[in-house]
Structures are given as structure tokens and as C-alpha cells.
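Hi everyone, thanks for making time this morning. I'd like to walk you through a structure that may be new to you, so please have a look at it as I talk.

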Amino acid sequence: MRRDEESLHPLAHGALHHCFGCGQLNRTGLRLKFFTDATGQVVSPVRLAPRFQGPPGHAHGGILATLLDEAMSKANWARNVVAMTRKLEVEYLRPVPVGVKLRLTARHTNAEGRKHHCEAELSNEAGEVLARGRALFIAIDPKKFEAQTGKRAQTGT
């Protein structure tokens, strides 16, 4: 275990069990598990299975965008904000190999009314940033969401 992983705490985020990103019951999904560190940053250890490859031996760009988006959404949840992605920007900096240990991190950067801005990074074990994302999320009313969908939207509490 890395020294910085010793201070990680599980993020109680009310996971939707069939979510492609974090749903533990979604057999074809990523099944990400999220934690928070001492600074409040969201962290997830990642090891992508070969089924998520695009170019031979490397992750598909859409999967990388999904990882970054999912982590940023959890940065909102860690602040008790239920929000949906409005705009997502991804920088693909280096090819990302499948089957190796990666570290996904995200943080909430600021809020303006219902608008919440977040950033995320995917790094290798050497700490090199392989992909970076920024996103704008719009906070939603969990009660309205439930009334419209019949599904409960929970926050981090």
C-alpha cells in the first residue's frame, strides 16, 4: 500500500447498483470504488480490464472520458451535491495501457449557484498524468429527480 493510500476513507456515495461507472452489480461496468483523502480529494484505484481497450493493449478514449466524468461526479457527491454533467472536456496526454495500476483523482474547484466545476486526473504508478478532465455540472433537486424517474438520487450523506 502506498503511503498516501493509508489515509484514504471510503466515500459513501449511495451508489446506483447498476451504474456503469460505480455499480457493483453491473457485470460489464467499471465497478469503481471511491475514497476521499485528507484534503477531501476523491481517489479511486483503477486497473482496466482488456475488454475496455481501443487500440491494442490500450484503453479506449470513451472509457477514459467515463473514468474522469465518474470521478468528478463523486467530487460533487462528496460535497452533498447531486448534479449532472453539462459539459466535459478531456485532454488525452499519453496512451493508457490496460491491465496496469492507475490512480484516478478528482476535486471540486468552485461553485456558482447551481453550476459546479470539477477537475480530474488519471495517473500511472510513476505519477505521470495520462489524461485530464474538466467539467461543468448542474445541481439538481433530488426530490424532483425521484418524482420524474421513480429512482432515488442520494448524496454523500
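**A first walk along the chain**

Starting from the N terminus, the elements of the protein chain come in the order β-β-β-α-β-β-β-β-α. That makes two helices and seven strands. Please keep in mind that what you see is a predicted model.

A few overall figures to begin with. The protein chain has 157 residues, and buried ones make up 41% of them. The chain exposes about 8,900 Å², with carbon and sulfur atoms supplying 51% of that area. And if we take the contacts between residues at least 6 apart in sequence, 60% of them join residues at least 24 apart.

Let's turn to the helix α1, residues 61-77. How far does α1 reach from its first C-alpha to its last? The answer is 25 Å for its 17 residues, close to the 24 Å expected at 1.5 Å a residue. Of those 17 residues, 13 are buried, so α1 is largely enclosed by the rest of the structure.

Leaving aside residues up to four places away in sequence, Leu 67 touches Leu 30, Leu 32, Val 46, Leu 48, Leu 104 and Leu 122.

Now for the strands. β5, residues 102-112, pairs with β6 in the antiparallel sense over 10 bridges. Within that pairing, Ala 106 stands opposite Ala 120 in β6. The two strands form a hairpin with two residues between them, and Gly 113 there takes a positive phi near 65°.

On we go to β6 and β7. Strand β7 covers residues 129-139, and nine bridges join it to β6, again with the two strands antiparallel. This hairpin has four residues between its strands, and in the turn Gly 127 has a positive phi of about 90°. Here His 116 has Phe 137 in β7 as its bridge partner.

Is β6 itself enclosed or open? Seven of the 10 residues of β6, which spans 115-124, are buried, so the strand is largely enclosed by the rest of the structure. As a reminder, in a regular strand the side chains alternate between the two faces of the sheet.

Asn 76 sits in helix α1. Its relative accessible area is 1%, so Asn 76 counts as buried. Beyond its neighbours up to four places away in sequence, Asn 76 touches Val 81, Ala 83, His 108, His 116, Cys 118 and Phe 137.

Is Gln 41 buried or exposed? Gln 41 is buried, because its relative accessible area of 17% falls under the 20% cut-off.

How values were computed:
Residues numbered from 1 in each chain as written. Predicted model: local features only at pLDDT ≥ 70, side-chain atom pairs only at ≥ 80, totals over all residues. Heavy atoms only, no water. Buried < 20%, exposed > 50% of the residue type's maximum accessible area, 1.4 Å probe, protein only. Contact = heavy atoms within 4.5 Å. Expected span 1.5 Å × (residues − 1). Pairing = 2+ DSSP bridges. Areas by Shrake-Rupley, 256 points an atom, 1.4 Å probe, with all protein chains shown as cover.
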